[in-house]
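Please open the model in your viewer and keep the selection tool at hand.

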Amino acid sequence: STFREERSEDHHSFLSHGRAGLLAWAEYPIGSQFYITLCCEGKGPQYLDGNHVVFGTLLGKASYDTLDRMKDLEVEKEKPVKNIVVDDVGILA
């Protein structure tokens, strides 16, 4: 993805980052980053609201169990020491 001064109409940034398990997208001058919020209810990183796009959510207990395991991983400089690999996803329409 490339950097743009203005977001296009399909980049809705009105959803809040206010809970764990949200799928979001950030665009930077050097590329894009997708992430899953790890925050607690009501203590989310609101500074991301309006700057990055929330576009989905985790579904089901197994997804949140996996998220809990991810939260427990050792981190260094805000990054996991071991790689986290997503090898299967689904889309509900």
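Begin with the surface of the entire protein. Its accessible area comes to about 7,500 Å², and 56% of this belongs to carbon and sulfur atoms. Please bear in mind that the model is predicted. Of the 93 residues in the protein, 24% are buried.

**The overall plan**

The protein has one helix and five strands, and along the sequence they follow the pattern β-β-β-α-β-β. Among contacts between residues at least 6 apart in sequence, 55% join residues at least 24 apart.

Select residues 22-28, which form strand E1, then 31-36 for strand E2 and 53-57 for strand E3. In what order do the strands of this open sheet lie? The order is E2-E1-E3, and the pairing is antiparallel. Strands E2 and E3 stand at the edges, each with a single partner strand, so one side of each has no neighbour in the sheet. On average, neighbouring strands of this sheet are turned by 25° against each other, direction ignored.

Look next at how the strands are joined. A hairpin connects E1 to E2 through two residues, and six bridges join these antiparallel strands. E1 and E3 also pair in the antiparallel sense, over four bridges.

Now select Trp25 and look to either side. In E2, its bridge partner is Phe34; in E3, Val53 stands opposite Trp25. Select Leu22 as well, and Thr57 of E3 will be found opposite Leu22.

E1 is mostly covered, as five of its seven residues are buried. Then select Leu22, Ala24, Ala26, Tyr35, Leu48 and Val54, the six residues of the largest nonpolar core. Which strand gives the largest share of this core? It is E1, with three residues.

Keep Ala24 selected and display its surroundings. Leaving out residues up to four places away in sequence, Ala24 touches His17, Gln33, Phe34, Tyr35, Val53, Val54 and Phe55.

**The aromatic pair**

The structure holds one aromatic pair. Select Phe34 and Phe55 and show their rings: the centres are 6.0 Å apart, the planes stand at 90°, and the arrangement is edge-to-face. The pair links distant parts of the chain, with Phe34 in strand E2 and Phe55 in strand E3, 21 residues apart.

**A stop in the loop**

Finally, select Asp49, which lies in the loop between E2 and E3. Its relative accessibility is 25%, and therefore Asp49 counts as partly exposed; buried would mean under 20%.

Asp49 and His17 are 32 residues apart along the chain, and their C-alpha atoms are separated by 6.2 Å. Which residues does Asp49 contact, leaving aside its neighbours within four places in sequence? They are Leu15, Ser16 and His17.

Key
Residues are numbered from 1 along each chain as its sequence is written. This is a predicted model: local features need pLDDT of at least 70, side-chain atom pairs count only at pLDDT 80 or more; totals for chains, interfaces and linings use all residues. Side-chain values use heavy atoms; hydrogens and water are left out. Two strands pair if DSSP finds at least two bridges between them. Axes are lines fitted to C-alpha atoms, for helices over the stretch in contact, and angles run from 0 to 180 degrees between N-to-C directions. Rings of Phe, Tyr and Trp (its six-membered ring) pair if their centres lie within 6.5 Å; planes under 30 degrees apart count as stacked, over 60 as edge-to-face and the rest as tilted. Buried means under 20% relative accessible area, exposed over 50%, partly exposed in between (1.4 Å probe, protein chains only). Contact means heavy atoms within 4.5 Å. Accessible areas come from the Shrake-Rupley method with a 1.4 Å probe; for residues, only the protein chains shown count as cover. A nonpolar core is a set of buried Ala, Val, Leu, Ile, Met, Phe, Trp, Tyr and Cys residues joined through side-chain atoms within 4.5 Å.
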